[in-house]
Amino acid sequence: MKILGRVAMLLALPSAYANAACIVTPMADEIASAETVFVATITRATMSKSPQEMRDKEGYEIRYEFTVAKVFKGDPSLVTALITGSRFDDPTDSIFWEQAEQSRYAPGDSILVVAGTGEVPVSSIGCTPSRPWDREARRVLAKAFSDARN
């Protein structure tokens, strides 16, 4: 009964918290339906606004330029940029806060890009099909392509 009460309480939270939630689709399904699957290495990161222009809690985007390291499927040139979003936390005020998803990458980081065309969102916590290229991503990718051949 305690669990039902907690679930009801979570469902009653204001919709303002909805932007911190995501629905995770199995990565193998995303890989199968994607037009393009490749590993990208970040070469440059650029903020959409300078910190001097932003107000506390204002949203911004980071665009990542990349080089293609390895292609598994499709045409990587159809992907124009990798992107993440966040909100600015003014370091000069006395309030510190953090939102749930603040994925940030640096030049040299590798990303498994699972996408169609245009700008592709990337998430470290699985909110998007594109995510860091790590042992788990490699395992799921290998299984997805192995299953597709059988």
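This is a short chat about the predicted model shown above.

Q: What is the average pLDDT of the protein chain?
A: The average is 81, and 80% of the residues score at least 70. pLDDT is the predictor's confidence in each residue, from 0 to 100. Over residues 1–19 it is below 50. Beyond near neighbours in sequence, that stretch has one contact in the model; contact means heavy atoms within 4.5 Å. Where pLDDT is low, the predicted coordinates should not be read in detail.

Q: What ground rules apply to this model?
A: It is predicted: local features need pLDDT of at least 70, side-chain atom pairs count only at pLDDT 80 or more, and totals for chains, interfaces and linings use all residues. Residues are numbered from 1 along each chain as its sequence is written, and side-chain values use heavy atoms, with hydrogens and water left out.

Q: How many helices and strands?
A: Three helices and six strands. From the N terminus on, the order is α-α-β-β-β-β-β-β-α. These are DSSP runs, numbered from the N terminus: helices are H or I with at least four residues, strands E with at least two.

Q: In what order do the strands sit in the sheet?
A: β5-β3-β2-β1-β4-β6, in an open sheet with mixed pairing. Two strands pair if DSSP finds at least two bridges between them.

Q: Which strands stand at the edges?
A: β5 (118–121) and β6 (131–132). Each has a single partner strand, so one side of each is left without a neighbour in the sheet.

Q: How many bridges join β1 and β2?
A: 10, in the antiparallel sense. Ala40 stands opposite Val68 in β2. β1 (residues 36–47) also pairs antiparallel with β4, over six bridges. There Val39 stands opposite Leu112.

Q: And how do β4 and β6 pair?
A: Antiparallel, over two bridges. Leu112 stands opposite Arg131 in β6.

Q: Switching to rings. How many aromatic pairs?
A: Four. Rings of Phe, Tyr and Trp (its six-membered ring) pair if their centres lie within 6.5 Å; planes under 30 degrees apart count as stacked, over 60 as edge-to-face and the rest as tilted. One of them is Tyr64 with Tyr105: centres 5.7 Å apart and planes at 70°, so the pair is edge-to-face.

Q: Where do Tyr64 and Tyr105 sit?
A: Tyr64 is in β2 (residues 59–73), and Tyr105 is in the loop between β3 (79–87) and β4. They are 41 residues apart. Both are buried, meaning under 20% relative accessible area; exposed is over 50%, partly exposed in between (1.4 Å probe, protein chains only).

Q: What about Phe72 and Phe145?
A: They are stacked, 6.1 Å centre to centre, with 25° between the planes. Phe72 is in β2 and Phe145 in helix α3 (residues 135–149), 73 residues apart. Ring pairs link Phe72, Trp133 and Phe145 into a cluster. Phe72 is partly exposed at 27%.

Q: How many salt bridges turn up?
A: Four. The cut-off is a side-chain nitrogen of Lys or Arg within 4 Å of a carboxyl oxygen of Asp or Glu. Among them, Arg63 meets Glu119 at 2.0 Å, N to O. That pair links β2 and β5, 56 residues apart.

Q: Is Glu58 buried or exposed?
A: Buried, at 12%. Glu58 forms a salt bridge with Lys49 at 2.2 Å. Lys49 is partly exposed at 33%.
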